[in-house]
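Below is a set of questions and answers on one predicted model. Look over the sequence and the coordinates before reading on.

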Amino acid sequence: MRGGSIIQTAGALLPTGTGSVILTTPSAGASGIGTSGAPIPTTAGTVTGTAGSGGVFIRETDGASVTATATGTGPISLTSLAGTLTIAGATTTGSGPITLASGDGVAVNANLGGGAYSGPIAISA
């Protein structure tokens, strides 16, 4: 099995308009999607991120339907600069923090954390 993380060059954007962005790394190990200092920037209708304990860090430009999963203590940080950030599917991690933020609004339409989740959840809009 190969491992690794997904990172992106500063200033680069994954633009799909109303399409989908699906980012996946191996769930075993410390693989992650973006970092706290360099989240993956997207412009999409739907964004899905699945990672290991390195976490999921996504910055959407104009609101999207988002689902994210990280293993172990992997943090999840989902931010929308404008538009509504909609949690459309179960967004879970073992015990890492979950942070949701938007310049306009956050809609939680699915479970956050999971059944045995023991970490903090922060939502700001």
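Q: Where is the place of glycine 115?
A: This is a predicted model, in which local features need pLDDT of at least 70, side-chain atom pairs count only at pLDDT 80 or more, and totals for chains, interfaces and linings use all residues. Residues are numbered from 1 along each chain as its sequence is written, and side-chain values use heavy atoms, with hydrogens and water left out. Helices (H or I, at least four residues) and strands (E, at least two) are DSSP runs numbered from the N terminus. Glycine 115 lies in the loop between strand E13 (112-113) and strand E14 (121-124).

Q: Is glycine 115 buried or exposed?
A: Buried means under 20% relative accessible area, exposed over 50%, and partly exposed in between (1.4 Å probe, protein chains only). The relative accessible area of glycine 115 is 90%, so this residue is exposed.

Q: How many Å apart are glycine 115 and glycine 94 in space?
A: In sequence, 21 residues separate glycine 115 and glycine 94. From C-alpha to C-alpha, their distance in space is 9.4 Å.

Q: Which residue in E11 stands opposite serine 80?
A: Two strands pair if DSSP finds at least two bridges between them. E8 pairs in the parallel sense over five bridges with strand E6 (residues 55-60), and valine 56 has isoleucine 76 as its bridge partner in E8. E8 also pairs in the parallel sense over five bridges with strand E11 (residues 98-102). In E11, the residue opposite serine 80 is serine 102.

Q: The side chain of which residue is joined to that of threonine 43 by a polar contact?
A: Threonine 43 is in strand E4 (residues 40-43) and counts as buried because its relative accessibility is 14%. A polar contact is a pair of N or O atoms within 3.5 Å; within protein, one must be able to donate a hydrogen and the other to accept it, and residues adjacent in sequence count only if both atoms are side-chain atoms. At 2.5 Å, the side-chain partner is threonine 61.
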